[in-house]
Amino acid sequence: MTASILGILLAAGEGTRMRSRSPKVLHHVAGRPMVGHVQSAMAEAGIATMALVVGNGAEKVADTAKASYPETQIFVQSERLGTAHAVLAARDAIEQGFDSIVIGYGDTPLVTPGLFMSIINELQTGADVVVLGFHSENPTGYGRLIMDQGKLTAIREEKDATPAERQITFCNSGIMGLSGPRALDLLDAIGNENAKGEFYLTDAVAVANAGGLDVRSVEGKEEDTLGVNNRIELAAAEACLQERLRAKVMENGVTLVDPNSTFLSYDTEIGADTIIEPNCFFAPGVKIAEDVTIKANCYFEGDTKKGQFVTVASGAVIGPFARLRPGASLMSDVKVGNFCEVKNASVGRGAKINHLTYIGDATLGADANIGAGTITCNYDGFSKYITEIGEGAFIGSNSALVAPVSIGDGAYIASGSVITDNVSNDALAVGRGRQVQKDKWAAEMRAKRKDG
């Protein structure tokens with residue numbers, strides 16, 4: 001029988017050191033709010049039911065969490081009276097009856113599914129309390145995990161630790177697991193006899209040991225439990241997660257010419273044998289196939305909320321200095337060159353958009369060729385309109401295609417044209433003023449101005 005697991009996610013902290021109008025846990029790391037990273041780690045660890053504890057006025061946090069995991073239960077900690085008090089704000093969820101309860105924090109975006117799984121494994125083999133710890137070369141400021149013959153006997157805050165205990169490098173992450181049937185008894189037994197008069201979750205260890213219960217620890221890496229409280233720590237979390245994402249794609253066969261200048265998002269997909277040159281940025285919602293070449297200084301951005309992704313098929317060559325926006329879909333062997341932008345457009349196999357061009361709200365047939373300086377005029381200030389360009393069509397340089405408009409298969413558009421009407425298959429369309437030459441006009445103009 002599958003064990004039932006409740007994940008309680010604490011996100012009630014104000015995070016005033018972020019100096020931001022946005023709640024702390026909504027700041028992004030690798031294109032995703034921090035709270036979303038923790039939710040994802042819990043879900044991958046097999047935690048199907050989640051309870052999110054927020055502070056007063058944290059509707060944005062609740063909305064963001066439910067957007068990713070709609071079944072998330074929301075609870076409000078109306079007074080900030082400590083971590084144990086925050087967990088008890090989710091009493092109604094705990095009372096639903098779970099085999100195991102895992103407690104995490106919305107500001108630890110680097111936590112991995114494996115860490116939650118290690119806690120769950122201990123709970124499922126009889127532990128009543130499990131604390132996630134880590135070893136630190138510089139443990140100053142952390143609570144220490146006091147071990148005795150493999151058993152966790154206490155968590156000692158640094159200000160309360162003896163000189164000998166301060167030498168301990170095994171530190172408390174704050175992440176914890178509780179036996180479901182014992183959770184409320186343990187939490188309700190925690191007192192607030194301390195300087196701040198708050199209820200600390202760490203005291204569950206002392207309560208459990210006093211009752212002769214099974215208290216254990218599991219170990220993770222220090223970076224995995226990094227809590228973000230300011231912009232410096234946010235940047236550190238971003239750097240760490242970028243290293244992980246880069247390593248993953250390179251292990252899967254992607255060449256990053258300069259890994260440190262390539263920035264990926266949590267959901268970026270890139271196929272094997274793709275080559276990415278320096279200074280490329282991948283926002284959320286981007287899927288790159290195998291054997292794609294992405295030249296330097298390119299920007300890719302989908303819109304996951306609207307379901308508009310950027311997709312690039314095999315054999316495509318992108319850049320340098322290209323931008324693909326939401327809804328850009330490039331088929332195999334497409335070329336999008338320097339200073340080109342593609343938005344909400346399907347570009348057929350082998351089509352070429354090589355220079356200084358904007359293609360928006362359009363469809364391009366296979367092997368179409370778009371000349372330099374061409375734009376699709378897709379917006380009239382009120383609505384967006386579609387441009388259809390047929391297979392093998394040739395659009396001359398510096399042309400403006402005023403949507404809605406359709407260019408037929410094999411059609412030619414003369415350079416410098418403004419096209420407002422549909423063009424038939426294999427036709428030539430010219431939409432420009434006829435050239436007029438006035439001999440000696442320039443010399444006469446210069447002489448007249450000089451005399452004047």
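## Exercises on a predicted model

Thr 274 sits in the loop between strand 14 (269–270) and strand 15 (275–276). A quick note before we start: this is a predicted model, where local features need pLDDT of at least 70, side-chain atom pairs count only at pLDDT 80 or more, and totals for chains, interfaces and linings use all residues. Residues are numbered from 1 along each chain as its sequence is written, and side-chain values use heavy atoms, with hydrogens and water left out.

**Exercise 1.** Work out whether Thr 274 is buried or exposed, and what its side chain reaches.

*Solution.* 
- Step 1: Buried means under 20% relative accessible area, exposed over 50%, and partly exposed in between (1.4 Å probe, protein chains only).
- Step 2: Thr 274 has 0% relative accessibility, so Thr 274 counts as buried.
- Step 3: follow the side chain of Thr 274, which reaches the backbone oxygen of Gly 271 at 3.3 Å.
- Step 4: list contacts (heavy atoms within 4.5 Å). Leaving aside neighbours within four places in sequence, Thr 274 touches residues including Gly 253, Thr 255, Ile 288 and Asp 291.

**Exercise 2.** Find the strand that holds Asp 361, then its side-chain polar partner.

*Solution.* 
- Step 1: helices (H or I, at least four residues) and strands (E, at least two) are DSSP runs, numbered from the N terminus. Asp 361 belongs to strand 27 (residues 358–364).
- Step 2: Asp 361 is buried, because its relative accessible area is 4%.
- Step 3: its partner is Asn 344, with a side-chain to side-chain polar contact at 2.7 Å.
- Step 4: not counting residues up to four places away in sequence, Asp 361 also touches Lys 343 and Lys 384, among others.

**Exercise 3.** Give the strand order of the open sheet of 10 strands, and say which strands stand at its edges.

*Solution.* 
- Step 1: two strands pair if DSSP finds at least two bridges between them.
- Step 2: the order reads 12-15-18-21-24-26-28-31-34-36, with parallel pairing.
- Step 3: strand 12 (255–256) and strand 36 (428–429) are the edges; each has a single partner strand, so one side of each has no neighbour in the sheet.
- Step 4: zoom in on one pair. Strand 28 (residues 369–370) and strand 31 (residues 394–395) run parallel, joined by 2 bridges, and Ile 370 has Ile 395 as its bridge partner.

**Exercise 4.** Which residues of helix 7 are buried, and what covers them?

*Solution.* 
- Step 1: in helix 7 (residues 203–210), the buried ones are Ala 204, Val 205, Ala 208 and Asn 209.
- Step 2: they span an arc of only 130° around the axis, so they lie on the same side of helix 7. The arc is that of the directions from the helix axis to the C-beta atoms.
- Step 3: their cover includes strand 7 (129–135), strand 10 (170–179) and helix 6 (183–188).
- Step 4: check from the other side. Val 129 is in contact with Ala 204, Val 205 and Ala 208, among others.
- Step 5: past the helix, Gly 212 follows with a positive phi, near 70°.

Terms used. A polar contact is a pair of N or O atoms within 3.5 Å; within protein, one must be able to donate a hydrogen and the other to accept it, and residues adjacent in sequence count only if both atoms are side-chain atoms.
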